Amino acid sequence: MVDLGMTEAGNEAKLPERTRRSLAAAAVLLLAIFVVVAFYLTSSVRSSMEDRSRIYGETVASTVEQIIAKSDMTAAVIENLYVEYGDDVKPHFEAAAARLMKEHGEISSIYIAPDAVLGYAYPTEVAASTIGFEMLKDPDQGPSAQKAIDDRKTTVAGPHALVEGGTGFICRRPYFDERGAFRFFVVIVYDWDKIVQRINRDLPRHDSSYVFAAWKDDQHVVTDGDGFIFRSSQEPIDRTVSVEVLVPNDKWHLAAQPAGGWNIMGQSLPVLLVVLALEIILFLAMFAWSKAGQRRVMAEREAAANRAKSTFLFNMSHDIRTPMNAIVGFSRLLRKSLDDPERSRDYLDKIDTSSEYLLELVNNVLELARIESGQVSVTPVPWCMADFEKEVLTVFGESFKAKGIAFTSTARVQHPYNLCDKGKVREIYMNLLSNALKYTPEGGTVALSVDEIPATRDGHVRFRGVLKDTGAGMSEEFLPHLFDEFTRERTASEHLIQGTGLGMSIVKRMVDALGGTISVESTLGVGTTFTMEFEFPILTEQEYLEMTADDRKDGLDADLQGRHVLLAEDNDLNAEIAQELLAELGMTLERAEDGRQALELLEQAPAGRFDAVLMDVQMPNMNGYEAARAIRALADPAKACIPVLAMTANAFDEDRQNALKAGMDGHVAKPISVPELVAALSAVLPADRR
């Protein structure tokens, strides 16, 4: 016989026990999360500090390189004066030296040293203490002076204690007569304190808490001050984060770190305390929630995340397979038609068109984060409506036919040539046509029409595009949310109409970026009609032909015949493609397998052997950016000024800007477009040699 009172009392006793078990589990979970967060945070802080230290070090290195790189050009001016005037050089030397020191504020003095003995000095007030100083006999300066003679190169050394007082870097440019005998030095002395002032001016204000030190390859890093060429602080500095400093006839290493060392915990502790406080608050909030409520919320969130992920993967799989189907299909047909040149060319044209669609799709996936943040750029280019209709039929015609869908495409326009971002226009229509293909059953119809309607501005053409299908359709309740991010129809037919979330949101963003409009009418189970309107500037046929002349070339440009280039490319297949493309242009090349090898080939080759350098970016040993900076720092001005083009799969605007910042003259994205390569080479090669 059951005692109801005891049962109620037992149930009341069990409730606190279940709550305690839930809280205990929550406490263990929160503790585990805290440990993971602490590990991740300290790692992130360390990584962030190293990244900032590296940026700081690169800024210091770049400033030192920029200052010293000017020394050889400065010395060349003085050298030419002495060669021209000989012993009568003094007034000319002093005038030129005064001007150069005014232009380059870090220079403290300039000398001419016949037979390595200081004979002329500026400013004149230092002459009394320096004239007659024999550099080769000085134990401090002798080795670096002799190295400049032996290597027959401009050499930078220091910092040295200067004869005239103070500390500075010394740049020596040796001159040799026609018989190869050493004649004299031009010596440029840089004031170390002024260089430090320049570095401090160039550095961002928030980086003032960082310190640095530099050393040479034949020296070891120590923490007591010995072995460093120069340093900004006497505190111990390790070489956890280091960069190279390329100077004439030498290479230094520069390490940077936060002032006071790598205080990881000190940086992480405030955030960890905030995380701990938030977890305590969360723990108290969990105490107030019911277990059933928590499970319900988590289940809904997990289901929503899974649906969003599945929708995205489903869309991407289908959108990639559409042009891939055309590429694979026409490739098979091409193998069977090699003896029919006209048909083979037609298949190749269709493969090229589908490849362009596939490349644009990949680029859009990579740009997804930017699109979601609203950073959509518009790039107007010449566009022809007839070409667009042909491309649509090439990519989708066979797919509709294979599925048994009747597809029609018509265009009724009077101004087929215009200026627009054709990549975005094609992507909009590609998304909508892909949806129509997916959601229209066998035996259905899909019709695309483009009509010209009155424009709102003079000199513009306005197109109205209508895409109508007899597919799955959408409910009236869902239509207002069609263009929202990660939304989808929630009906019993949901499995039929996936893919209306992120893809449609991107379509809407692109339409807005182009200044167009898009509307939709749909009935569930009947079909959908999309209507879009765009307005673009009109081009005449002549203007269109002139602007697309390069695009219609077959890649052979007689102006490039006989040019010889240096290719830096670590991938054998990419190198083979480049070699064949350049051969078609009448050019020859030599290949280097990384940036360091390219630099060595350029240094060893006589000036003028190479007309340009095609530089990959991601390479072992020395990447393309490092190699470009090293080339720009070469002592030979002819080699240092050689045209350098980035030829890389890093195709974003940031990559183009990084290439220019590294000293390159242009950027060509992979896959390589022959017209773009020809245009880029033509733009950088000297006109008098083309």
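1. Two rings of Phe, Tyr or Trp count as a pair here if their centres lie within 6.5 Å. With that in hand, a search of the whole structure, which is a predicted model, turns up 15 aromatic pairs.

2. Take Tyr-82 and Phe-184 to begin with. Their ring centres are 4.7 Å apart and the planes stand at 85°, so this is an edge-to-face pair.

3. Phe-400 and Phe-407 make a stacked pair, because their planes meet at 20° with the ring centres 4.5 Å apart. Phe-400 has 0% relative accessibility, so it counts as buried. Phe-407 has 17% and also counts as buried, because the cut-off is under 20%.

4. There's a cluster to look for as well: ring pairs link Trp-383, Phe-388, Tyr-429, Phe-463, Phe-534 and Phe-536. Elsewhere, a ring meets a charge: the charged end of Arg-152 sits over the ring of Phe-176, 4.0 Å from the ring's centre.

5. Now for a sheet. Which order do its strands take? The order is S11-S13-S14-S16-S15, giving an open sheet of 5 strands with mixed pairing. At the edges are strand S11 (406–412) and strand S15 (517–523), each pairing on one side only. On average, neighbouring strands of this sheet are turned by 10° against each other, ignoring direction.

6. Have a look at the S15 end. S15 and strand S16 (residues 527–537) run antiparallel and are joined by 7 bridges.

7. Helix H10 (residues 385–403) lies across S11, strand S13 (445–453) and strand S14 (460–469), and runs at about 180° to S11. Helix H11 (residues 422–439) lies across S11, S13, S14, S15 and S16, running at about 170° to S16.

8. Finally, a word on confidence. The protein chain has a mean pLDDT of 78, with 80% of its residues at 70 or more. Over residues 490–501 the pLDDT is below 50, though the model gives this stretch 27 contacts beyond near neighbours in sequence. Residues 554–558 also stay under 50, with 10 contacts beyond four places in sequence. Where pLDDT is low, predicted coordinates should not be read in detail.

Conventions: Residues are numbered from 1 along each chain as its sequence is written. This is a predicted model: local features need pLDDT of at least 70, side-chain atom pairs count only at pLDDT 80 or more; totals for chains, interfaces and linings use all residues. Side-chain values use heavy atoms; hydrogens and water are left out. pLDDT is the predictor's confidence in each residue, from 0 to 100. Contact means heavy atoms within 4.5 Å. Rings of Phe, Tyr and Trp (its six-membered ring) pair if their centres lie within 6.5 Å; planes under 30 degrees apart count as stacked, over 60 as edge-to-face and the rest as tilted. Buried means under 20% relative accessible area, exposed over 50%, partly exposed in between (1.4 Å probe, protein chains only). A charge sits over a ring if NZ of Lys or CZ of Arg is within 6 Å of the ring centre and within 35 degrees of the ring normal. Two strands pair if DSSP finds at least two bridges between them. Helices (H or I, at least four residues) and strands (E, at least two) are DSSP runs, numbered from the N terminus. Axes are lines fitted to C-alpha atoms, for helices over the stretch in contact, and angles run from 0 to 180 degrees between N-to-C directions.
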